[in-house]
Amino acid sequence: MNININSNGYLEESNHELSLLKQVLLKQPLVLEDIENIKQGYQLLAKVVAISKRNVLDVIDPKLNNCYQELVKIVKSSYENFEQIINERYNTDSAKSLPDFYSNPHIFGDYPYFPFTSIFEKPLDSWDEVENKLNESLNRITQAYTLLDIKNNKTNHASFFNEVEKYLANFFKFTCGDLVLDLEIPALIYKNGTPLPIQLKRKEIQFLILLLRNKGNLVSYKTVAETLDTNYYHPGLDNLATGEKLRLLKNDLGKMLLQAGMSRDTFKQMITTHATKGYVLNCTT
């Protein structure tokens, strides 16, 4: 049965249990590392799922999926190691001094919640339900970690966690010179001016995100039309004919960037149109 870290009815027993648990943990450096892996790994998992929910283009990044799967692997393995060591120590050292319902301490809940095995899968529940379940599990992990009050834990996954953290930042904020597209607000910001609120599902924003994900590279007209699932895309149309139909989309994006404070000349320089091929986004950063 789980330790009820919120229960006032068993406060004295809980404090006694927590004291014994800390004694066990301090004797097991590997347990401290497992706990750190669970905390850091699960926090990053929550970010990956938030990115998946906000996936404006519905295009799954294979590297993002690999990050998700590796994080699940680390958290699962750490949780299982932690549970095994704790249960072994309790069964040999302190089971007689504990109430029966504390003899199997699952301080992080029955098991951390993992929404799917791959982010290529569509969640069975709605995204709101997925995030609620994820946050419930994350709250238990955070609260348990705080109660254990163990500082400065080391983990041999530190470099991987840092790499994932940096990579995930690319999915929340895009930059191109003085232009910032912030998906968390969400808004367009030009030269640190007043943020222009945006709707992420608008085709102009999806078009901009596609170009931002391919800075400096040619994005063909057909790729734009097909990725954005616009009415401009038809298998029978060639690339040039598709480009003619996309002209209005580029113009609408220009109007939006002008509202954010960008000049018309800057917009023309930022997105280069290659008449028979597609678009290139030119950025100084």
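This is a predicted model: local features need pLDDT of at least 70, side-chain atom pairs count only at pLDDT 80 or more; totals for chains, interfaces and linings use all residues.

Entry 1, cysteines. I looked for disulfides and the count came to 1. It joins Cys176 to Cys283, with an S to S distance of 2.0 Å. I then checked where the two ends sit: Cys176 is in strand β1 (residues 173–176), and Cys283 is in the segment after β7 (278–281). The partners are 107 residues apart, and the pair links distant parts of the chain. The angle about the S-S bond is -100 degrees, and the link of Cys176 and Cys283 is left-handed. I also looked up burial. Cys176 has a relative accessible area of 4%, so I noted it as buried. Cys283 counts as partly exposed because its relative accessibility is 26%. Cys67 was checked too, and at 7% relative accessibility it counts as buried.

The axes of α2 (residues 29–53) and α5 (residues 158–169) come within 11 Å and cross at roughly 20 degrees. Angles under 35 degrees count as roughly parallel, so α2 is roughly parallel to α5. The crossing of α2 past α5 is left-handed. On the α2 side, the residues in contact are Asn37, Gln40, Gly41, Leu44, Lys47, Val48 and Ile51. They meet Phe161, Val164, Glu165 and Leu168 of α5. By class I have 6 nonpolar, 3 polar and 2 charged residues in this contact.

How many residues of α6 are buried? In this helix (residues 203–212), 9 of 10 are buried, and I noted α6 as mostly covered. Among the buried residues are Glu204, Gln206 and Phe207.

Notes
Residues are numbered from 1 along each chain as its sequence is written. Side-chain values use heavy atoms; hydrogens and water are left out. Buried means under 20% relative accessible area, exposed over 50%, partly exposed in between (1.4 Å probe, protein chains only). Helices (H or I, at least four residues) and strands (E, at least two) are DSSP runs, numbered from the N terminus. Axes are lines fitted to C-alpha atoms, for helices over the stretch in contact, and angles run from 0 to 180 degrees between N-to-C directions. Angles under 35 degrees count as roughly parallel, over 145 as roughly antiparallel, 65 to 115 as roughly perpendicular and the rest as oblique. A crossing is left-handed if the near helix is turned anticlockwise from the far one by less than a right angle, and right-handed if clockwise. Contact means heavy atoms within 4.5 Å. Ala, Val, Leu, Ile, Met, Phe, Trp, Tyr, Cys and Pro count as nonpolar, Asp, Glu, Lys and Arg as charged, and the others, Gly among them, as polar. A disulfide is a pair of cysteine sulfur atoms within 2.5 Å.
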